[in-house]
Amino acid sequence: MSADSPDTFEHPFAPFVRILGKGKTGSRSFSRQEAEQSMGMILRGEVQDVQLGAFLMLLRVKEETPEEIAGFVDACRDQMVEPPTGLTADLDWPSYAGKRHQHPWYLLSILLLSSAGYRVFLHGSAGHTPGRLYTEQAMLSLGLPVADGWRTAAAQLDDRGFCYLPLEAFCPRLHDILQLRSLLGLRSPVNTLTRLLNPLQANCSIQSIFHPAYAAIHQQGDQLLGQPAALVLKGESGEIEVKPHADVRLNILRDGASHEVTLNRSQSERPDAVDQPGVEPLRALWRGVTVNRYGEDAVLSTTTAALLLLRADLNTLGAMQLARELWEQRDRHAVA
């Protein structure tokens, strides 16, 4: 092999892998700028598959820092398909986990919030974990607005006050990386950064975590990104849904200051898991055809949490009362 053979030149992405993988004493975390540069290369398709796999799993073992997550989000916002100028939302609602043990009751909370005049933008990615019901499928089954691009999303937000846009429609490369979970067998930092994307730069962002330790990473990431108001909670199956049988801590960030609110459980016993998550129970509860105490409590508690974020002037009791009023005044024909 000659000295000037291309194989003797180091790949431009190799230094980023080396930073993460140089052993216990030699490796380190990325700066925010390095994180942005590395993710930018990934999104532009400038890395080899073997490099991407090594990168994701080295980060998984190390665990991502708030600075890294902020840098990754910077790169994604720079590379994603830009929304139309002036398109806004009041609440950013990332939905990437899917439901496994319970029905997706949080969708009814979104209906209540939109009925109160809030514009709610949902985004997510389906199918990366088998056996789960994802938001896109559930919303389509209920006749709720699912967009195929920014233009449709804008029309749906204006018409209904909420909509869901798949990650694939505005950041397809990031969507593809999420689908690697079945090959790698583990979540990656992409599962965290998607929840902080906030593509429309909504003033309020609500995020769910599965592991409590990630609450601080999310909140510090929000601070670095200059998010005006954010709420992080441990939701059911990783989705934004308060568990009625648990005391749920709401980590609220507002104007750079954080505080914690606890929503006390409304039910004493853990419910049995459903055989298969579905939307028929949501339709029946919304229309008043059946009574489902777990479902109603989940809807009201989740709505209460969102209202505490959206309304700085509300205390817990006031948010609970408003959620109940919205429920009692709901349009029972809003669900197909």
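**Close-up views of a predicted model**

**View 1. Gln201 sits in a loop.** Gln201 is found in the loop between α12 (189-193) and β4 (204-209). Helices (H or I, at least four residues) and strands (E, at least two) are DSSP runs, numbered from the N terminus. This is a predicted model, in which local features need pLDDT of at least 70 and side-chain atom pairs count only at pLDDT 80 or more, while totals for chains, interfaces and linings use all residues. Residues are numbered from 1 along each chain as its sequence is written, and side-chain values use heavy atoms, leaving out hydrogens and water. Gln201 is not a glycine, yet its phi is positive, about 55 degrees. Is Gln201 buried, partly exposed or exposed? Gln201 counts as partly exposed because its relative accessibility is 48%. Buried means under 20% relative accessible area, exposed means over 50%, and partly exposed lies in between (1.4 Å probe, protein chains only).

**View 2. Asp255 lies between two strands.** The loop between β6 (248-254) and β7 (257-263) holds Asp255. Asp255 has a positive phi of about 50 degrees, although it is not a glycine. Asp255 counts as exposed, because its relative accessibility is 68%.

**View 3. Seven strands form an open sheet.** The order is β3-β2-β1-β4-β5-β6-β7, and the pairing is mixed. The edge strands, β3 (162-166) and β7, each pair on one side only. Two strands pair if DSSP finds at least two bridges between them. On average, neighbouring strands of this sheet are turned by 20 degrees against each other, direction ignored. Axes are lines fitted to C-alpha atoms, for helices over the stretch in contact, and angles run from 0 to 180 degrees between N-to-C directions.

View 4. Strands β1 (residues 91-95) and β4 run parallel, joined by two bridges. Asp92 stands opposite Ser205 in β4. Helix α13 (residues 214-224) packs on the sheet and touches β4, β5 (229-234), β6 and β7. Contact means heavy atoms within 4.5 Å. The direction of α13 makes about 15 degrees with that of β6.

**View 5. Phe13 and Phe55 form an aromatic pair.** The whole structure has eight aromatic pairs. Rings of Phe, Tyr and Trp (its six-membered ring) pair if their centres lie within 6.5 Å; planes under 30 degrees apart count as stacked, over 60 as edge-to-face and the rest as tilted. Phe13 and Phe55 make a tilted pair, 5.4 Å centre to centre, with 55 degrees between the planes. This pair links distant parts of the chain, 42 residues apart: Phe13 is in the segment before α1 (14-21), and Phe55 is in helix α4 (residues 49-62). Phe13 counts as buried, at 0% relative accessibility. Phe55 is buried too, with a relative accessible area of 0%.

View 6. Phe16 is in helix α1, whereas Phe30 is in the loop between α2 (23-26) and α3 (32-43), 14 residues apart. Phe16 is buried, with a relative accessible area of 10%. Phe30 counts as buried at 4% relative accessibility. One aromatic cluster takes in Phe13, Phe16, Phe30, Phe55 and Phe72.

**View 7. Arg330 lies over the faces of Trp286 and Trp327.** The distance from Arg330 to the ring centre is 5.7 Å for Trp286. For Trp327 it is 3.8 Å. A charge sits over a ring if NZ of Lys or CZ of Arg is within 6 Å of the ring centre and within 35 degrees of the ring normal.
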